[in-house]
Amino acid sequence: MIISNFIDGNFIPPIENRMMDDSNPANGAHIAMMPRASALDVDAAVLAAKRALPQWSALTMIERADWLDKIADALEEIKEEIAQTESLDTGKPISIARSVDATRSISNFRFFAKFARSQEPLIFEMSDATNHVHTSPLGIVGLITPWNLPLYLLTWKVAPALLMGNCIVAKPSELTPLTADLLAQTLQRIQLPDGVFNLVHGLGPEVGQAILEHPDIAGISFTGGTATGRIVARTAAPLFKKLSLELGGKNATIILDDANLDTVVPGAVTAAFTNSGQVCLCGSRILIHQSIYDEFCKRFVEQVDAMIIGDPSDESTQMGSVISMEHLQKIESYIDLAVEEGGEILSGGSRAMTGPLDSNPDAAFIRPTVIGGLSHLSRTSTEEIFGPVVTLHSFTTDDEAIEMANCTEYGLAGSIWTEDAERGKELAERVESGIVWVNTWLHRDLRTPFGGVKNSGVGREGGRWSLSFFSEMTNICVKH
Ligand code: TXE
């Protein structure tokens with residue numbers, strides 16, 4: 001398979017004709033050749049977007065909401081192909097690719113279409129004047145997205161960006177180009193006007209950087225690692241581009257002394273190992289009240305030991321591969337570090353033996369790994385690993401649990417498990433993060449603000465925050 005850039009409504013090869021390989025991390029097999037585009041391709045994409053902008057922004061928000069529904073309908077028709085393609089490109093189990101990636105990619109468009117229709121004009125009355133808040137598109141926006149939830153996170157930005165009248169230059173991760181290509185194919189099939197959505201594939205420092213630097217791109221929405229987020233901020237801020245940064249996390253799962261372990265243990269396993277722990281919201285540090293630490297640890301390790309690791313295309317697989325051999329080596333380096341720091345491997349810690357896949361040196365599998373006995377201030381317990389690795393820690397008081405939860409440089413998400421929801425909500429207010437779940441995880445209302453604090457990012461997306469990010473406001477004050 002060969003994929004191309006999608007510019008001005010057409011699939012075209014990169015101007016400098018450089019291509020690169022896309023492979024399946026579950027077995028190392030070559031899947032596709034993809035463009036290694038350059039700034040020249042970004043320039044062409046921006047030109048196309050510039051040509052499309054007047055007509056697209058002249059539509060009403062409701063007319064653009066109708067387009068979002070058309071996109072959702074068209075994606076619904078290829079939902080299984082999206083799931084199969086995402087599983088192939090990422091190594092995630094087909095069950096997750098269906099229930100999380102494909103489902104949410106479609107619902108992102110449906111949600112913003114419906115949300116648009118509920119919007120009222122923003123008016124502030126004075127005794128002698130009326131203030132009308134008028135919104136207009138940013139213009140051309142750059143969307144740069146990561147490899148963990150490729151289409152899910154791309155569509156989370158595409159839907160509101162289109163709704164608010166912007167035209168798009170998007171760059172998915174070079175590790176997972178395929179479902180972005182499927183989206184482009186779909187938009188071409190339903191004849192979204194040429195140039196409204198443009199897709200440029202390639203390496204971050206080459207294509208991503210060119211998007212950040214382009215003078216005609218007015219805003220950047222970025223999801224990825226904190227280190228890259230610094231580069232994005234350093235490049236785009238002096239150009240006064242609007243910036244939304246969704247970065248890394250090292251989230252705490254806090255289990256209070258009154259927690260019901262029958263529900264908490266499976267909840268903590270799901271929060272820890274969904275998508276091989278490659279979700280910025282995963283609970284990678286588990287803080288347990290000392291009175292139930294031993295019982296939790298025993299039951300948690302039992303459930304982790306029983307997880308089915310294997311071929312992502314198998315319906316019964318619960319955990320597939322990680323995204324690449326390079327990422328696998330990064331994860332293994334943290335497991336080595338954990339041992340050096342005095343940790344005890346309670347489960348996993350090695351490359352999974354996965355039946356027919358176990359003899360393949362290019363299969364990026366590792367067993368879900370549970371580590372006890374580390375200080376909550378150790379590097380393993382405070383640095384983002386972004387893989388199927390969790391550390392367990394005990395605490396004695398609620399205050400100590402909050403102090404431990406807040407001790408890292410990150411502040412994206414967390415969860416608190418207790419039989420007393422009011423106690424959980426009060427504690428949640430003291431967790432330095434953008435999102436805290438009480439007695440659940442990854443339960444998402446798309447109207448709510450999503451984003452992190454500290455090194456987990458700047459800004460919020462979701463509901464009205466997305467509409468606000470992807471638009472400019474003019475206050476028009478009319479004297480009576
Ligand atoms: O992210 P990157 P990666 C974390 C996780 C992971 C680390 C790196 O710790 O190990 O980030 O993952 C593009 N200018 N998260 O490599 O490098 C790049 O091509 C412009 C958490 O995927 O940040 C890709 O499209 N763009 C995160 C996108 O940035 C650049 C999810 C993300 O790549 C660029 C994924 C540059 N100089 C990883 N360099 C989350 N919060 O969900 C790279 N890119």
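Predicted model: local features only at pLDDT ≥ 70, side-chain atom pairs only at ≥ 80, totals over all residues.
Me: Where is Q278 found?
Reply: Q278 sits in the loop between α9 (261-273) and β13 (283-289).

Me: And which residues does Q278 touch, not counting those up to four places away in sequence?
Reply: W147, N148, S321, V322, I323, H327 and F386.

Me: How far apart are Q278 and L149?
Reply: They are 129 residues apart in sequence, and their C-alpha atoms are 8.5 Å apart in space.

Me: Let me switch to N148. Where is N148 found?
Reply: N148 lies in the loop between β7 (140-144) and α5 (150-163). N148 is buried too, with a relative accessible area of 5%.

Me: What does the side chain of N148 reach?
Reply: The backbone oxygen of Q278, at 3.2 Å. Leaving out residues up to four places away in sequence, N148 touches K92, D101, L153, N275, Q278, V279, C280 and F386.

Me: Zooming out, which domains does the domain assignment give?
Reply: Domain 1 covers 5-247 + 456-479, and domain 2 covers 251-446. Taken over C-alpha atoms, the centres of domain 1 and domain 2 are 30 Å apart. Their contact takes 30 residues from domain 1 and 31 residues from domain 2.

Me: Where does the largest pocket lie?
Reply: Between domain 1 and domain 2, because both give residues to its lining.

Me: How much space lies in the largest pocket, and how many residues line it?
Reply: The largest pocket holds about 1,100 Å³ of space. Its lining has 42 residues, and W147, E174, L175, G225 and T228 lie nearest its centre. The elements that give two or more residues to this lining are β3 (19-23), α7 (204-213), β10 (219-223), α8 (226-236) and α11 (325-340).

Me: What is the lining of the largest pocket by class?
Reply: 17 nonpolar, 15 polar and ten charged residues.

Me: What about the second largest pocket, which residues lie nearest its centre?
Reply: Q119, E120, L122, T135 and M164, out of 19 lining residues. About 610 Å³ of space lies in the second largest pocket.

Me: Which element gives the largest share of the lining there?
Reply: β6, with five residues. The elements that each supply at least two residues are α2 (61-77), β6 (129-137), α15 (463-469) and β22 (471-479). By class, the lining of the second largest pocket has nine nonpolar, seven polar and three charged residues.

Me: Last one, T380. Where is its place, and is T380 buried or exposed?
Reply: T380 is in helix α12 (residues 379-382). T380 is buried, at 0% relative accessible area.

Me: What does the side chain of T380 reach?
Reply: The backbone nitrogen of A338, at 3.4 Å. Apart from its neighbours within four places in sequence, T380 is in contact with K250, Y334, L337, A338, E341, I371, L374, I385 and T391.

Definitions and conventions
Residues numbered from 1 in each chain as written. Heavy atoms only, no water. 1 Å grid on protein atoms, 1.4 Å probe; cavity = no way out; pocket = protein on both sides within 12 Å on 5 of 7 lines; lining within 4 Å. Points joined across faces, edges and corners; volume = space filled by probe spheres on them. Helix = DSSP H or I, 4+ residues; strand = E, 2+ residues; numbered from the N terminus. Nonpolar A, V, L, I, M, F, W, Y, C, P; charged D, E, K, R; others polar. Domains from an automatic or database assignment. Buried < 20%, exposed > 50% of the residue type's maximum accessible area, 1.4 Å probe, protein only. Polar contact = N/O pair within 3.5 Å; in protein donor to acceptor, adjacent residues only side chain to side chain. Contact = heavy atoms within 4.5 Å.
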